[in-house]
Amino acid sequence: MKLIEEFLDYLRLELNYSQLTVSAYGTDLRVWADYATDGHPEQLSPTDVTTSDLRLWVAQLASQGVSVRSIRRKASALRSFFRFLMKRHGLASNPATGLILAKLPKDLPVYVRPEDTARIIDDGKEEAEESPDDFTLLRDNLIVSLLYSTGMRCSELVGLLDVNTDTRKGELKVLGKRNKERIIPIGPELSDAIDTYRRLRDASPLTSISPSDRESPLLVTRTGSPLYRRLVYRVVNRTLTEGNVHASRLSPHTLRHSFATDMLNAGAPISSVQQLLGHASLASTQIYTHVTYSELKNNYQLAHPRALKKGGKNGN
């Protein structure tokens, strides 16, 4: 449908939404348009859509077992779409604002304990010293170290440019959500690992990059192509699995959660962690304070004699 495509162009070109968000909104809106027109989306007339129509669709999604998170995303797509039509095409009102949706369950972030991440990174360094010419091994170890040591998102890692990786200053410049740049400091150990990887990368004509190419990615595949998200996920999942990490999710985002949790547990101000993560709102960072409090409470109950009930059971 022409209006949907125009809206997606607006998100992409004017609001700088990520390609993933644009794609997800596009899928949701096309599915809705197909439902609203009984399979004839070209006949969709947004001016005829009511809040009741949208409620029926949401109810059908829920009856089909669609998750609360997915339904809320679809509702967000609808609200944004009708808001766009009000702004650009004179639509009188936004029927999606009347939708009342179930709240998301407040799941605490999954994270890896610091002793596990330390062991995994140290084991990776040892393996790299034993096989200094193994490009894939060095790169994969660097992927894990970068994600945990900086807290960057998987998309930010994939998009990290070589020119924006300054090991002399100990800084990375990453491009976050809505194309917002931020500087992340890195320590000498990670800087050395990057320099070691670069030397091996540039020693091969397949993977070397031109110093004059300002768009070259830092991390590449064995054939010199840019990294992609699925590869990063596989690397992290395999590394954590082989490292005997027991968590419900073993993904790049788990390492981001681990970075934030460990920073707060070590006494870093929450505002600093917010800046390092690239959160627009402090509220997004505050969820990690719940994780650290849970850890603190658990340690208290295990260690303090007055936290124990009679019979040796922990109190609450």
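**Close-up views of a predicted model**

F81 is buried, with a relative accessible area of 0%. Buried means under 20% relative accessible area, exposed over 50%, and partly exposed in between (1.4 Å probe, protein chains only). The model is predicted: local features need pLDDT of at least 70, side-chain atom pairs count only at pLDDT 80 or more, and totals for chains, interfaces and linings use all residues. Residues are numbered from 1 along each chain as its sequence is written, and side-chain values use heavy atoms, with hydrogens and water left out.

**View 1. Aromatic rings around F81.** Rings of Phe, Tyr and Trp (its six-membered ring) pair if their centres lie within 6.5 Å; planes under 30 degrees apart count as stacked, over 60 as edge-to-face and the rest as tilted. By this rule the count comes to 9 aromatic pairs. One of them joins F7 and F81 edge-to-face, at 5.5 Å centre to centre and 70° between the planes. F7 lies in helix α1 and F81 in helix α4, so this pair ties together parts that are 74 residues apart in sequence. Both F7 and F81 are buried. W32 also pairs edge-to-face with F81, at 6.4 Å centre to centre and 65° between the planes. Here W32 sits in helix α2 and F81 in helix α4, so the pair ties together parts 49 residues apart in sequence. W32 is buried too, with a relative accessible area of 2%. One aromatic cluster takes in F7, Y10, W32, F81, F82 and F84.

View 2. Helices (H or I, at least four residues) and strands (E, at least two) are DSSP runs, numbered from the N terminus. The expected span of a helix is 1.5 Å times one less than its number of residues. At 1.5 Å a residue, the 18 residues of α2 (residues 19-36) should span 26 Å; the end C-alpha atoms are 25 Å apart, which agrees. Which residues of α2 are buried? They are V22, A24, Y25, G26, D28, L29, W32 and A33. These buried residues pack against α1 (2-14), α3 (51-63) and α4 (68-89). After α2 comes D38, with a positive phi near 55°.

View 3. Two strands pair if DSSP finds at least two bridges between them. Strand β1 (residues 165-166) runs antiparallel to β2, joined by 2 bridges. T165 stands opposite L172 in β2. The two strands β1 and β2 form a hairpin with 4 residues between them, and G170 in the turn has a positive phi of about 70°. Strand β3 (residues 181-185) is antiparallel to β2, with 5 bridges. The bridge partner of L175 in β3 is E181. In the β2 and β3 hairpin, 5 residues lie between the strands, and R178 in the turn has a positive phi of about 55°.

**View 4. Nonpolar cores.** A nonpolar core is a set of buried Ala, Val, Leu, Ile, Met, Phe, Trp, Tyr and Cys residues joined through side-chain atoms within 4.5 Å. The largest has 45 residues; I143, L146, L219 and V232 have the most contacts inside it. Helix α6 gives the most to this core, with 8 residues. Contact means heavy atoms within 4.5 Å. Leaving aside its neighbours within four places in sequence, L219 is in contact with residues including R139, I143, L157 and Y197. Apart from this core lies another, of 30 residues, among them V22, W32, L54 and F81.
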